[in-house]
Amino acid sequence: MLLAAGRGMRMRPLTDETPKPLLTVQGRPLMQWPMEALLAGGFRRLVVNTAWLGEQIDAFCADWQAQHPGTEVTVSREGQDFGYALETAGGIARALPLLGDVFWVLAGDVYAPEFAFTPTSVARFKASGQLAHLWLVPNPPHHPRGDFGLSAEGLALNEADTRHTYSTIGLYRRELFEAPWCEIVPGNPQGTAEPLAPLLRRAMSAGLVSAELYTGPWVDVGTPERLKELG
């Protein structure tokens, strides 16, 4: 699942007329980088959620699917259905009927050109019994305190002396978005907007979230300045 519903307020005025995932980095829309990386890993079914200027992302996804025979891109139209974005957990819950038992989640506005989405990672995660597996990155200057710790055993931690930043790339089991972990009804027919972090932290407290540190190129393209630096 590719998250592409955000407004991108810090990117204004660039996002006043273009959704952030369609801003270009080195000649390609931001969201195209992970879409092509997923395809290279053999993952051909994508779900993309939209809200702000969603019709532009609709058109892009339709064109991309047409150019890549054998792929399937399904759009979860939060803006059209509810008039607002459902945040990360709400958006995943909304799209849950479209997703498998295990699925990738990643943000459409993060640039990680060397990250490899592999069947091996999925197989290892399936065998682990964990509810989520996160890729963490060294803390960037704009987020020096980080998000989660990482134990020597490879578990994500709520509290730790050293914390890393969540890359927004992770593997998830659908059970995390069902009772008792998530209070949103699968399919989210009521349009509940809910962030992901509290859900993850509850699962971390139960020792059910694993993680690893990724040190390849990674940029949260959250401001015009960071976008310009990437070229």
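The model is predicted: local features need pLDDT of at least 70, side-chain atom pairs count only at pLDDT 80 or more, and totals for chains, interfaces and linings use all residues. Residues are numbered from 1 along each chain as its sequence is written, and side-chain values use heavy atoms, without hydrogens or water.

**Largest pocket**
- A pocket is an open set of points on a 1 Å grid over the protein atoms alone, where a 1.4 Å probe fits, with protein on both sides within 12 Å along at least five of seven lines.
- The lining (residues with an atom within 4 Å of a point) comprises 34 residues.
- Leu-3, Thr-88, Ala-107, Asp-109 and Thr-168 lie nearest the centre of the largest pocket.
- Strands S1 (2–4), S6 (102–107) and S11 (165–173) and helices H4 (87–95) and H6 (197–205) each give two or more residues to this lining.
- Helices (H or I, at least four residues) and strands (E, at least two) are DSSP runs, numbered from the N terminus.
- S11 gives the most, with three residues.
- The lining has 18 nonpolar, nine polar (Gly among them) and seven charged (Asp, Glu, Lys, Arg) residues.

**Second largest pocket**
- Of 18 lining residues, Phe-43, Arg-45, Val-102, Phe-103 and Trp-104 are closest to the centre.
- Strand S4 (45–50), S6 and helix H5 (119–128) each give two or more residues.
- S6 gives the most, with four.
- This lining divides into 13 nonpolar, one polar and four charged residues.
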